[in-house]
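I opened the model today and kept notes as I went. Here is what I looked up, entry by entry.

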Amino acid sequence: MSPVRPTATVVRPVIFRHRWLALALPFALAMPSVLLAAPGPSGHDHPVPSQVTTGTSGTSLSDNRFRWPGWNKISDTLLMRQYNTRIVLLGSILLGIGAGTVGTFMLLRKRSLVGDVVSHASLPGIAMAFLAIELAYPGKGRSLPVLLFGALLAGLLGVLCTIGIRRFSRIKEDTALAIVLSVFFGIGIALFTIIQKLPTGQVAGLQQFIYGQTASMTSADVGLIGLASILVIAVSAALFKEFGLLCFDEEFGRSHGWPTTWLDLVLMALVVCIAITGLQSVGMLLVVAMLIIPPAAARFWTDRLGSMTVIAAVLGGLSAWLGGVVSSLFARFSAGAVIVLAGTLFFLVSLAFGTRRGLLPRGLRQWSNNRRIGRHDLLRTLYEMLEPRLESSEPDSSDDPLADIHFASDEVLSRRSWTRSRLSRLLDRATRDGLLQAVESGWRLTASGAAEARLVARNHRLWETYLILHADIAPNHVDRDADLIEHVLEPDLVSQLLETVSARYPQMQMPPSPHPLEPGT
Amino acid sequence: MLAATDIFTASFTWLIDDWGKLDTWIVITGALAAMACAIPGSFLVLRRQSMMGDALTHTVLPGIVAAFLLSHYLKTTGWISTDPADPHKAFDATSYTFMFGGALLTGVLTAILTEWVSRRGGVENSAALGVVYTSMFAVGLLTIRLAADSVHIDPDCVLYGNLESVWGGSDQVPRAAWVSGGCLVFNIAMAGCFFKELRISTFDPALATTLGINATLIDYALMGVTAATAVAAFESVGNILVIAMLIVPAATAHLLTDRLWVMLLLAAIIAASTAAIGHVMALSLPPVLMAPFAEQPLLSGVPIDSLDASTSGMMAAAAGGLFVAALFLAPRHGVLVRIGHRFRLSIRISAEDLLGTLYRQDETSRDIPLQTGRRTFAQRYATWRLRRQRLILHSSGQLELTAAGRHAARKLIRAHRLWESYMARHFDVPADHLHETAHKVEHYLDPELRDQLAHELDTPDTDPHGREIPDD
């Protein structure tokens with residue numbers, strides 16, 4: 001039975017309304033990249049080696065002293081006066097943006113490490129492409145597009161192998177990834193050692209696929225990275241809703257007839273694209289990091305897929321910029337590693353301060369929540385304590401009779417298992433909030449305090465009564481349940497409860513407690 | 001030991017003409033390193049932490065660099081003495097001690113950091129691993145560059161290993177073989193001593209905790225040991241290829257057996273054979289592969305026999321080859337075995353269905369259409385086999401049951417109708433829905449179960465549709 005194709009009648013979730021905006025983004029990116037990649041004013045056709053560092057395998061280490069950069073150098077770097085700096089920065093920023101975008105989907109699909117596998121698995125493809133061209137057209141083996149095509153094929157083959165292994169054997173996903181990664185990489189290394197023994201195979205140009213030569217990036221490389229990033233962003237924007245579906249509910253998508261397998265493959269192909277183009281210019285490590293770290297950082301800031309993608313792209317670009325600038329300022333910092341560490345820095349900042357899931361905002365939310373709960377507990381205790389005295393008390397000048405009753409703090413202690421210091425903290429805080437007032441014989445509630453105490457106690461009793469009426473829970477068991485829920489009851493829920501409960505307690509603003517209120521219960 | 005290697009060398013000489021002592025030592029060192037890796041690797045595979053192996057082989061880098069820096073510092077300040085014969089020797093006992101210590105610590109640190117990022121930060125586990133390991137690797141790379149004047153670590157050597165230069169030519173056991181062998185013995189001892197704890201915490205961490213075994217501690221210990229093993233092995237098989245030796249033999253063994261100790265043993269055997277096969281491949285495969293292109297300008301001036309590939313790369317390739325072989329040929333979990341099993345089942349079901357249809361045709365003396373549309377291969381094969389077994393006959397364009405075929409069909413029809421009766425009695429299923437289920441279940445009811453059903457139903461004569469239930 002063929003799956004039902006989605007038709008116009010199927011309600012497609014609207015996730016991203018302004019699709020045209022996302023489509024415009026790549027062009028907005030493309031413009032400056034065209035302008036900046038143009039040769040500099042001095043007319044260099046080829047980048048000259050400058051103070052930008054060489055890659056990790058660089059050998060020129062004659063200058064071993066650590067040196068702070070001069071002001072001129074800082075301004076040169078920041079203003080991108082050097083052609084070389086400009087190229088390197090632009091290339092890594094574009095890669096960061098593209099990788100951040102596609103990495104978001106991979107992160108949400110819990111496939112972050114696929115980029116790792118792809119970049120390792122592409123190695124034999126590069127070697128084979130080199131050998132194939134050398135055999136067909138001797139001397140032309142280092143043609144970049146063909147090498148990248150070989151890498152692309154091998155990377156895709158690697159991805160398909162992981163899927164195959166997972167599907168046709170008892171081997172789990174993580175092991176399948178590790179097997180493909182290591183075996184492909186091993187074959188690649190073996191092929192490279194053969195190539196090295198050939199007369200034409202002085203593989204300086206091929207070696208860089210492993211480490212990358214961030215510093216010797218050319219404008220052609222930048223163009224290629226830009227192309228890949230634009231492709232990634234355009235496809236992500238065009239298939240945004242579909243990818244979102246894939247990330248969050250693949251089964252649902254399949255049951256509605258979406259071609260999830262194909263979508264998955266398209267997503268994988270995007271990862272392969274960005275990983276392969278990044279590979280030859282910035283190296284494996286950086287590609288893997290760029291695919292994982294910015295999206296993981298972006299997750300701390302938002303719960304929405306659209307904003308998460310944008311934030312991940314921005315963070316990817318920012319960390320590439322920061323890392324590129326720092327590595328060109330300090331002669332011995334290799335760009336790839338510094339960019340990774342810049343990403344890590346942004347990750348740590350997000351981990352600490354991210355507005356949605358960051359540790360600090362989450363801790364703050366929890367802290368204020370605890371304060372609110374403490375205040376509610378105090379007010380309800382006071383209300384329950386003072387309620388029996390309402391009838392006996394003389395109506396005073398003020399509006400609320402509850403606010404006229406004086407009480408001592410020891411009375412509260414007898415009803416709650418609070419320590420004396422906790423109680424005094426609660427009382428102090430409530431006084432500062434204007435809910436309590438210290439008088440000579442102890443304390444009394446203010447008008448607003450009395451109002452809030454009524455509210456809290458009413459919510460508590462409403463929920464208790466509701467539990468007794470509708471959940472069939474014994475009256476002496478409802479107090480604890482209600483204690484948990486009373487702090488989060490919304491006003492409209494309260495009015496609904498009031499409606500439900502008023503059948504039993506007609507015309508009552510404050511229902512009586514459904515169970516005895518004795519000190520210490 | 002040395003005499004044994006001579007015999008080993010001799011036994012390979014027939015395979016490859018210029019097999020020498022160096023080749024023997026390469027195989028032995030590689031095998032020791034691979035076996036040392038296979039033991040913690042098996043546990044990684046079973047605990048679904050294979051990518052942790054990948055991460056650990058990267059994160060040991062900062063640990064090694066830090067250890068080197070520390071031992072260098074201690075030597076220059078005179079806290080520990082240097083080898084008087086060769087004061088600038090990079091690898092001596094002290095360095096090794098520091099290196100293993102550093103690796104152990106970074107292994108544990110990786111595990112702790114990943115755990116923390118994923119639990120406290122709410123980051124998905126594999127992403128947390130990716131963040132931690134790329135960051136730590138970057139720190140290691142930077143430190144190497146910054147400390148290049150005091151530490152001489154060649155990243156190439158760390159990443160690819162150099163098995164070819166393992167043996168200096170003297171009549172001594174090479175250092176890498178000692179290190180790998182020592183690591184192997186240590187790993188065997190650890191696995192032996194804590195076998196029970198490892199097994200329980202691998203398969204059921206919650207049970208391990210209730211039994212008073214600290215599963216977290218075992219996890220960290222495993223990570224530390226894995227990292228130390230990676231360090232021991234990377235000198236010979238290379239840092240990144242260590243992951244091949246950690247995971248691939250273990251995964252291959254996992255396909256072959258369901259018992260833990262058998263798996264460990266098989267993984268070690270596979271790992272050792274990987275080294276031998278890998279080295280033979282490295283020597284013999286490139287000339288064979290390149291031979292057709294010998295006339296090409298690409299190979300001009302290169303004697304084809306001089307081509308060889310990196311042994312560690314070929315070891316990974318050989319491990320991959322063995323894995324693929326196991327994937328298809330494994331006795332219980334292999335793809336071919338399962339395909340064969342499924343095919344035999346579909347043949348049996350097709351044959352039984354045909355018998356049942358012919359039986360019903362005889363019973364009602366009505367022509368029931370056998371099969372509309374195209375018949376599958378299994379159905380055609382089943383028909384052919386039934387005819388060969390003389391269970392059905394082909395007479396005047398019609399298929400007919402023989403006496404033996406009738407006997408076989410009665411069993412099936414009996415199972416079908418008994419199941420229908422059982423369903424009608426015990427489940428609230430309408431009569432026109434009984435057939436579908438019974439049609440599937442009939443193939444799986446053996447004589448014993450048929451008797452039990454008949455007994456339970458007080459030996460009924462007819463099914464809910466009123467048709468006769470034949471005897472066996």
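**Entry 1: two helices in chain B.** I looked up helix α2 (residues 21-46) and helix α7 (residues 175-193) of chain B, which pack at an angle of about 25° with their axes 8 Å apart. Helices here are DSSP runs of H or I with at least four residues, and strands are runs of E with at least two, numbered from the N terminus. Axes are lines fitted to C-alpha atoms, for helices over the stretch in contact, and angles run from 0 to 180 degrees between N-to-C directions. α2(B) and α7(B) are therefore roughly parallel (an angle under 35 degrees). The crossing of α2(B) past α7(B) is left-handed: the near helix is turned anticlockwise from the far one by less than a right angle.

I then listed who meets whom. From α2(B) I noted residues including B:W25, B:I28 and B:L32, and from α7(B) residues including B:A176, B:L184 and B:I188. Contact requires C-beta atoms, placed from the backbone, within 7 Å. The residues of this contact split into 14 nonpolar, four polar and no charged. Ala, Val, Leu, Ile, Met, Phe, Trp, Tyr, Cys and Pro count as nonpolar, Asp, Glu, Lys and Arg as charged, and the others, Gly among them, as polar.

**Entry 2: how to read the model.** The model is predicted: local features need pLDDT of at least 70 and side-chain atom pairs pLDDT 80 or more, while totals for chains, interfaces and linings use all residues. Residues are numbered from 1 along each chain as its sequence is written, chains are lettered from A and ligands numbered from 1 in the order in which they are written.

Entry 3: Strands β1 (residues 392-395) and β2 (residues 398-401) of chain B run antiparallel, joined by four bridges. Strands pair if DSSP finds at least two bridges between them. B:I392 stands opposite B:L401. Two residues lie between the strands of this hairpin, and B:S396 in the turn has a positive phi of about 45°.

**Entry 4: chain A.** I counted 21 helices and two strands in chain A. Of its 521 residues, 44% are buried. Buried means 20 or more other C-beta atoms within 10 Å, exposed 12 or fewer, and partly exposed in between. Is A:R420 buried or exposed? A:R420 is exposed, because 10 other C-beta atoms lie within 10 Å. A:R420 sits in helix α18 (residues 420-432) of chain A.

**Entry 5: where the chains touch.** Chain B gives 63 residues to the contact and chain A gives 54. On the side of chain B, α5(B) gives the most, with 13 residues. That side divides into 39 nonpolar, 18 polar and six charged residues.

How values were computed:
Angles under 35 degrees count as roughly parallel, over 145 as roughly antiparallel, 65 to 115 as roughly perpendicular and the rest as oblique. Two residues are in contact if their C-beta atoms, placed from the backbone, lie within 7 Å.
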